Amino acid sequence: MLSQIVRHIARGATTTRPIMSFCGWDRGEKYKDHFDNGMYVCSKCENPLFKSASKYKHSSPWPAFTEPVSKDSLKKYHETEMALKVLCAKCNQGLGHQFLCDGPTKGSSRF
């Protein structure tokens, strides 16, 4: 069961404070430094989103990934010149942003 604020964020009505939520989790800090093998899935519909192998340490307070499981797992919408709004492709839950040119290598993206 998602908390009221996480439901509000996931439905796209607002955005998160750092460490507030990722993929619907109430307290994301336990996932920022979590590097066990596995799959990160949408908390609403369990659509596979990111493999743990694509996760990396970043100075951002949010968990960081280099790429989604597949190009079909996410929907992206232009938000600013530097970021795209990211939703679950299966249920439209808000997941955060794809930051362009802010990945672990020059010119790569960060999710």
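This is a predicted model: local features need pLDDT of at least 70, side-chain atom pairs count only at pLDDT 80 or more; totals for chains, interfaces and linings use all residues.
Student: Let's start with the rings. How many aromatic pairs are there?

Tutor: The count comes to 3 aromatic pairs.

Student: Take Phe 50 and Phe 65. Why is that pair called stacked?

Tutor: Their ring planes sit at 15° to each other, and planes under 30 degrees apart count as stacked, so the pair gets that label. The ring centres are 4.3 Å apart.

Student: OK, and where do those two residues lie in the chain?

Tutor: Phe 50 is in strand S2, residues 48-51, while Phe 65 is in strand S4, residues 64-65. The two parts are 15 residues apart in sequence, so the pair ties them together.

Student: Is Phe 50 buried or exposed? And what about Phe 65, buried or exposed?

Tutor: Phe 50 is buried, at 3% relative accessible area. Phe 65 is buried too, with a value of 0%.

Student: What kind of aromatic pair do Phe 50 and Phe 111 form?

Tutor: A tilted one. The distance is 5.7 Å centre to centre, with 55° between the planes.

Student: And where is Phe 111?

Tutor: Phe 111 is in the segment after strand S7 (94-99), and Phe 50 is in strand S2. They are 61 residues apart, so this pair links distant parts of the chain. Phe 111 is buried as well, with a relative accessible area of 8%.

Student: Which residues form the aromatic cluster?

Tutor: Phe 50, Phe 65 and Phe 111 are in it together with Tyr 40, and the four make one cluster.

Student: Switching to charges. How many salt bridges does the count come to?

Tutor: It comes to 2 salt bridges. Side chains of opposite charge can pair when their charged atoms come close.

Student: Which residue does Lys 71 form a salt bridge with?

Tutor: Asp 72. The closest N and O atoms of Lys 71 and Asp 72 are 3.7 Å apart.

Student: Does Lys 71 count as buried or exposed?

Tutor: Lys 71 counts as exposed, at 74% relative accessibility.

Student: What about Arg 110, which residue does its side chain meet in a salt bridge?

Tutor: Asp 102, with an N to O distance of 2.6 Å.

Student: Why does Arg 110 count as buried?

Tutor: Its relative accessible area is 8%, and buried means under 20%, so Arg 110 falls in that class. Asp 102, at 27% relative accessibility, counts as partly exposed.

Definitions and conventions:
Residues are numbered from 1 along each chain as its sequence is written. Side-chain values use heavy atoms; hydrogens and water are left out. Rings of Phe, Tyr and Trp (its six-membered ring) pair if their centres lie within 6.5 Å; planes under 30 degrees apart count as stacked, over 60 as edge-to-face and the rest as tilted. Helices (H or I, at least four residues) and strands (E, at least two) are DSSP runs, numbered from the N terminus. Buried means under 20% relative accessible area, exposed over 50%, partly exposed in between (1.4 Å probe, protein chains only). A salt bridge is a side-chain nitrogen of Lys or Arg within 4 Å of a carboxyl oxygen of Asp or Glu.
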